[in-house]
Amino acid sequence: MIPINILLIEDNEGDILLTKEALLEGDILKELQVVKDGWEALLYLEKKDKYSTAITPDLILLDINLPKMNGYEVLKEIKSNSNINHIPVIMLSTSSSSIDINQCYKNQANCYITKPVDANDFSKVISLIETFWLTTAKLPVNK
């Protein structure tokens with residue numbers, strides 16, 4: 001079975017750890033790569049510098065509040081690049097602001113989820129993402 005490749009773009013160590021733990025609990029074979037700022041995310045996705053051999057992800061989990069380049073900017077770059085714009089992008093943010101939500105959808109996010117503060121609820125959200133995006137939905141085949 002070929003693993004599903006997930007790119008997590010997140011700078012919060014706690015959220016990275018919770019995401020890793022929640023994904024380990026699932027039944028689906030997956031590989032998780034993590035980058036901690038927006039600039040590194042684009043280098044990874046465009047396979048530049050140290051990421052020249054990076055595997056193109058099947059799914060991206062993207063935070064809004066990132067150093068160097070925020071999630072809105074990263075999302076715009078992803079969706080304007082014909083080599084990677086097919087990859088579904090799930091926005092994960094602590095914000096429940098309608099301004100943030102609308103901005104992400106305006107920039108073609110595939111989904112917007114507000115991160116729960118409680119660790120158990122956070123794990124449940126990651127499990128729901130896994131259930132929907134990795135078993136119910138059909139992901140595009142990478143080029």
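Visitor: How does α2 pass α3, in a left-handed or a right-handed crossing?
Guide: The crossing of α2 past α3 is right-handed. Bear in mind that this is a predicted model.

Visitor: What angle do they pack at, and how far apart are the axes?
Guide: Helix α2, residues 38-45, packs against α3 at about 15 degrees. Their axes are 9 Å apart. That angle makes α2 roughly parallel to α3, because anything under 35 degrees counts as such.

Visitor: Which residues meet there?
Guide: From α2, Gly38, Ala41, Leu42 and Leu45. From α3, Val74, Glu77 and Ile78. By class, this contact of α2 with α3 has five nonpolar residues, one polar and one charged.

Visitor: Glu77, then. Where is it found?
Guide: Glu77 is in helix α3. Its relative accessibility is 37%, so Glu77 counts as partly exposed.

Visitor: And how far is Glu77 from Leu42, in sequence and in space?
Guide: In sequence, Glu77 and Leu42 are 35 residues apart. In space, their C-alpha atoms are 7.8 Å apart.

Visitor: Back to α2. Is Glu40 buried or exposed?
Guide: Glu40 belongs to helix α2. Glu40 counts as buried, because its relative accessibility is 17% and the cut-off for buried is under 20%.

Visitor: What does Glu40 touch?
Guide: Leaving aside residues up to four places away in sequence, Glu40 touches Val35, Lys50 and Tyr51.

Visitor: Now the other helix pair. How do α3 and α4 pack?
Guide: Helix α3 (residues 71-80) and helix α4 (residues 98-106) pack at about 15 degrees. Their axes are 10 Å apart. So α3 is roughly parallel to α4.

Visitor: Which hand is that crossing, and which residues make the contact?
Guide: The crossing of α3 and α4 is right-handed. On the α3 side the contact has Tyr72, Leu75 and Lys76. On the α4 side it has Asp100, Gln103 and Cys104. Sorted by class, the contact of α3 with α4 has three nonpolar residues, one polar and two charged.

Visitor: Change of topic. How many aromatic pairs are there?
Guide: The structure holds two. In one of them, the ring centres of Phe132 and Trp133 are 5.2 Å apart. Their planes are at 90 degrees, so this pair is edge-to-face.

Visitor: How accessible are those two residues?
Guide: Phe132 has 41% relative accessibility, so Phe132 counts as partly exposed. Trp133 has 13%, so Trp133 counts as buried.

Visitor: Backbone check. What about phi of Lys68?
Guide: Phi of Lys68 is near 70 degrees, a positive value in a residue other than glycine. Lys68 sits in the loop between β3 (59-62) and α3. Lys68 is exposed, with a relative accessible area of 67%.

Visitor: And phi of Gln108?
Guide: Near 75 degrees for Gln108, again a positive value in a residue other than glycine. Gln108 lies in the loop between α4 and β5 (111-114). With a relative accessible area of 49%, Gln108 is partly exposed.

Visitor: Last one: Asp15. Where is its place, and is it buried or exposed?
Guide: Asp15 is in helix α1, residues 13-25. Asp15 is buried, with a relative accessible area of 13%.

Visitor: What does Asp15 touch?
Guide: Asp15 touches Glu10, Lys115 and Phe122, not counting residues up to four places away in sequence.

Note on methods: Residues are numbered from 1 along each chain as its sequence is written. This is a predicted model: local features need pLDDT of at least 70, side-chain atom pairs count only at pLDDT 80 or more; totals for chains, interfaces and linings use all residues. Side-chain values use heavy atoms; hydrogens and water are left out. Helices (H or I, at least four residues) and strands (E, at least two) are DSSP runs, numbered from the N terminus. Buried means under 20% relative accessible area, exposed over 50%, partly exposed in between (1.4 Å probe, protein chains only). Contact means heavy atoms within 4.5 Å. Rings of Phe, Tyr and Trp (its six-membered ring) pair if their centres lie within 6.5 Å; planes under 30 degrees apart count as stacked, over 60 as edge-to-face and the rest as tilted. Axes are lines fitted to C-alpha atoms, for helices over the stretch in contact, and angles run from 0 to 180 degrees between N-to-C directions. Angles under 35 degrees count as roughly parallel, over 145 as roughly antiparallel, 65 to 115 as roughly perpendicular and the rest as oblique. A crossing is left-handed if the near helix is turned anticlockwise from the far one by less than a right angle, and right-handed if clockwise. Ala, Val, Leu, Ile, Met, Phe, Trp, Tyr, Cys and Pro count as nonpolar, Asp, Glu, Lys and Arg as charged, and the others, Gly among them, as polar.
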